Amino acid sequence: VTGQLGTVMSESSSISLTYARLFMRELDSSNKFLDTASIHLHVPEGATPKDGPSAGVTMTSALVSTAFDVPLLDDIAMTGELTLMGKVLKVGGIKEKVIAARREGVKTLLLPRQNEADFMELKEYLRAGMTAHFVDHYDDVYKLAFDQTKVPPLSAPSRGLPVITVVTPEEVVAEKAEAPSPEADSSANEGQPDPLSQQPLPTGINPRPSQTL
């Protein structure tokens, strides 16, 4: 493993390889690629120090993809710490990761189930047009990240909690942006005569002249 990784990220890469091997044995016991291949994992921008467990599900997916020689779906980004049992755990920096995904034009996110509240707290313009799947186990990452017609199916139901999917349409944010605010309405009417003052007085009532006090 190279790329100036800290201790936590190095350990995360080891966990990813161990779990990927176990996962592959469950899916296709005849596929021995991860058991026999010499694997070198490099995280780009080697001059920049990196650490943390957030890339666990991503590194595991890269290893499974390599073993099957099947690419991941191209319009997808993911993050999440992975345990040796395949559980996907909460990570930090959700806002920064969503912004990075938007910058790359990615509209589908796989996030830890425990990060749902963090995602929903983001401003709507950051979530606009995004589809976020909140997962609890790597089984669901596998089902969402790969074209299921090109890889072996899971042999059993997912071992995680049900996936939560949140879709934020772009048009909702656009409509809110176009709606005039009450302040805008009041400022637009500044300097205009009060429509009530233009109403004629009832018959028999004379206006009282103004007085200076």
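## The main core

In this predicted model, the largest nonpolar core has 25 residues, and the members that touch the most others are Phe23, Val64, Phe68, Tyr138, Val141, Tyr142 and Phe146. A nonpolar core here is a set of buried Ala, Val, Leu, Ile, Met, Phe, Trp, Tyr and Cys residues joined through side-chain atoms within 4.5 Å. As for burial, buried means under 20% relative accessible area, exposed means over 50%, and partly exposed is in between (1.4 Å probe, protein chains only). Helix H1 (7–27), helix H3 (56–68) and helix H7 (138–145) each put at least two residues into this core. Helices (H or I, at least four residues) and strands (E, at least two) are DSSP runs, numbered from the N terminus.

Take Val64: leaving out residues up to four places away in sequence, Val64 touches Ala20, Phe23, Met24, Tyr138, Tyr142 and Phe146. Contact means heavy atoms within 4.5 Å. Another core lies apart from the largest one, with 14 residues, among them Val98, Leu109, Leu122 and Leu126. In soluble globular proteins, nonpolar side chains tend to be buried together.

## Ground rules and overall numbers

Residue numbers start from 1 along each chain as its sequence is written. Since we're looking at a predicted model, local features need pLDDT of at least 70 and side-chain atom pairs count only at pLDDT 80 or more, while totals for chains, interfaces and linings use all residues; side-chain values use heavy atoms, with hydrogens and water left out.

The protein has nine helices and six strands, and 33% of its 213 residues are buried. Among contacts between residues at least 6 apart in sequence, 70% join residues at least 24 apart. Accessible surface comes to about 13100 Å², with 55% of that belonging to carbon and sulfur atoms (Shrake-Rupley method, 1.4 Å probe; for residues, only the protein chains shown count as cover).

## The sheet

Four strands form an open sheet in the order S1-S4-S5-S6, with mixed pairing. Strands S1 and S6 (164–167) sit at the edges with a single partner strand each, so one side of each has no neighbour in the sheet. Two strands count as paired if DSSP finds at least two bridges between them.

Going across, S1 (residues 77–78) and S4 pair in the parallel sense over two bridges, with Met78 bridged to Leu110 in S4. S4 and S5 (residues 131–135) also run parallel, joined by five bridges, and here Leu111 stands opposite Phe134. S5 and S6 then pair in the antiparallel sense over four bridges, where His133 has Thr165 as its bridge partner. S4 (residues 108–112) is mostly covered, with five of its five residues buried.

## H7 under cover

H7 is largely enclosed by the rest of the structure, because six of its eight residues are buried. Those are Tyr138, Asp139, Asp140, Val141, Tyr142 and Ala145.

## Pocket and cavity

The largest pocket holds about 320 Å³ of space. Of its 16 lining residues, Met9, Val43, Lys50, Ser54 and Ala55 are the closest to its centre, and H3 gives the most to the lining, with three residues. There is also one cavity of 30 Å³ or more in the whole structure; the largest cavity has a volume of about 50 Å³. Its lining is Arg21, Met24, Arg25, Asn31, Lys32, Phe33, Leu34, Asp35 and Ala67, with H1 and helix H2 (33–36) being the elements that give two or more residues.

For the definitions: on a 1 Å grid over the protein atoms alone, a cavity is a set of points where a 1.4 Å probe fits but cannot get out, a pocket is an open set with protein on both sides within 12 Å along at least five of seven lines, and lining residues have an atom within 4 Å of a point. Grid points are joined across faces, edges and corners, and a volume is the space filled by probe spheres set on the points.

## Loops and a couple of positive phis

Lys90 lies in the loop between strand S3 (88–89) and helix H4 (94–103) and is partly exposed, at 45% relative accessible area. Neighbours within four places aside, Lys90 contacts Glu81, Pro112, Gln114, Asn115 and Asp118.

Most residues other than glycine have a negative phi. Gln4, in the segment before H1, has a positive phi near 55° and is partly exposed at 43%. Asp69, in the loop between H3 and S1, also has phi near 55°, and Asp69 is exposed, with a relative accessible area of 69%.
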